[in-house]
Amino acid sequence: MTTNKLDSVRLGESGPSVSRIGLGAMGMSGMYGESDEATSIATIHAALDSGANLIDTGDFYGAGHNELLIRRALAQAPREDVLLSVKYGALRGPDGSFGGVDTRPAATRNFLTYSLQRLGVEYIDIYRPARLDPNVPIEETIGGLAELVKAGYIRHIGLSEVGADTLRRAAAVHPIADLQIEYSLISRGIEAEILPTARELGIGITAYGVLSRGLLSDSLRGATQFAAGDFRAHSPRFQGENLTANLRLVDALAQIAATHEVSVAQLAIAWVLSRGQDIVPVIGARRPERWTEAVGALSIQLSPQELAAIEEAVPADRIAGERYAAAQMAMLDSER
Ligand SMILES: NC(=O)c1ccc[n+]([C@@H]2O[C@H](COP(=O)([O-])OP(=O)(O)OC[C@H]3O[C@@H](n4cnc5c(N)ncnc54)[C@H](OP(=O)(O)O)[C@@H]3O)[C@@H](O)[C@H]2O)c1
């Protein structure tokens, strides 16, 4: 293995030192259509070889499939070379359905026990509820997680898709390393309140959907529909006229990318990187060459004028459609 060091940053005031970009493994368990095991494992190896250490997963990605895949990929990697970020709490049925969340302390302990087993590790670096549980006060959930930190089973506590009030309440119980939340050129909702609150509290951001699930790249140009099991088949931004309108924005971004001789995805990642050292993009590469492409974004320097031109080409308020379907939007504390 060749080891090129990516720059590292501290994730929030209390979090670990992480590579400037991380790898999100969700798409390796079928969320965006078929995935191939050997290619997925090669992608994880490509990320580690490039010097990345942050790998994000969820126990519900492929109902355990994603964690088992990561275990196989990491079989030869020294444990301390990898930071595992794991989301839990989503309830699933054998038919693939989702049925709410459960983050009571007893459920949290139970989820963690199975994740440790599937991942084949003795601790998880950052453990986070995937969504706010409407039936459990956040103080109780964080209290349960704090016990697991004390016992050595998890190193840091993170959150996912919660709003500013929840961040404050959680941080009053235990230090929070990071908030994982969607953030991209076309999903800028966090800028008004959530990001300033995270900064005030010393909480880092791990940004997902930086490529808006492939929209801000060359992957989907010309796409018109998606297979039934693909997340995008049910996501408002990827339907009919919305998709057509959104791909027009991508065309505008592509023109700017061409002048920089970079790809659309690289420009989209570079824009997020430009928003602050406390924001770590977690990129959903599924193939080694996609990871290499993402790493290329770290070399792009954008002047204030160039950033303004990008934001003008892709105004956030011109995006057609919400980032999730209505039922999923209703589960987002970050959207209240
Ligand atoms: N906390 C949460 O609620 C939450 C929600 C969703 C995701 N996440 C995490 O965030 C990670 C990233 O999010 P994401 O997978 O939705 O989004 P993403 O990074 O915005 O999009 C990934 C898609 O972009 C395409 N793409 C085009 N160029 C690429 C490049 N250079 N590098 C990587 N991908 C490229 C890929 O399609 P092709 O493979 O077809 O090229 C891939 O399917 C997930 O894996 C997951 O770990 C968290």
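Author: Two strands pair if DSSP finds at least two bridges between them. Strands are DSSP E runs of at least two residues and helices H or I runs of at least four, numbered from the N terminus. This is a predicted model; local features need pLDDT of at least 70, and side-chain atom pairs count only at pLDDT 80 or more. Residues are numbered from 1 along each chain, and side-chain values use heavy atoms.

Reader: What makes β8 and β9 a pair?

Author: Three bridges join β8 (residues 124-129) to β9, and the strands run parallel. The definition asks for at least two. Tyr127 stands opposite Ile157 in β9.

Reader: Why is the crossover from β8 to β9 called right-handed?

Author: The chain goes from β8 through helix α4 (residues 138-150) to β9. With the strands pointing away from the viewer, a right-handed path over the helix runs clockwise.

Reader: What joins β9 to β10?

Author: Three bridges join them, again in parallel. β10 covers residues 178-182. There, Asp178 is the bridge partner of Gly158. The chain crosses through helix α5 (residues 164-171), and this β-α-β crossover is right-handed too.

Reader: Why is β9 called largely enclosed?

Author: Six of the seven residues of β9 (residues 154-160) are buried, so the rest of the structure largely encloses the strand. Buried means under 20% relative accessible area with a 1.4 Å probe, protein chains only.

Reader: How do you know that α4 and α5 are oblique?

Author: Their packing angle is about 45°, with the axes 9 Å apart. Under 35 degrees is roughly parallel, 65 to 115 roughly perpendicular, over 145 roughly antiparallel, and the rest oblique. Therefore α4 and α5 are oblique to each other.

Definitions and conventions:
Buried means under 20% relative accessible area, exposed over 50%, partly exposed in between (1.4 Å probe, protein chains only). Axes are lines fitted to C-alpha atoms, for helices over the stretch in contact, and angles run from 0 to 180 degrees between N-to-C directions.
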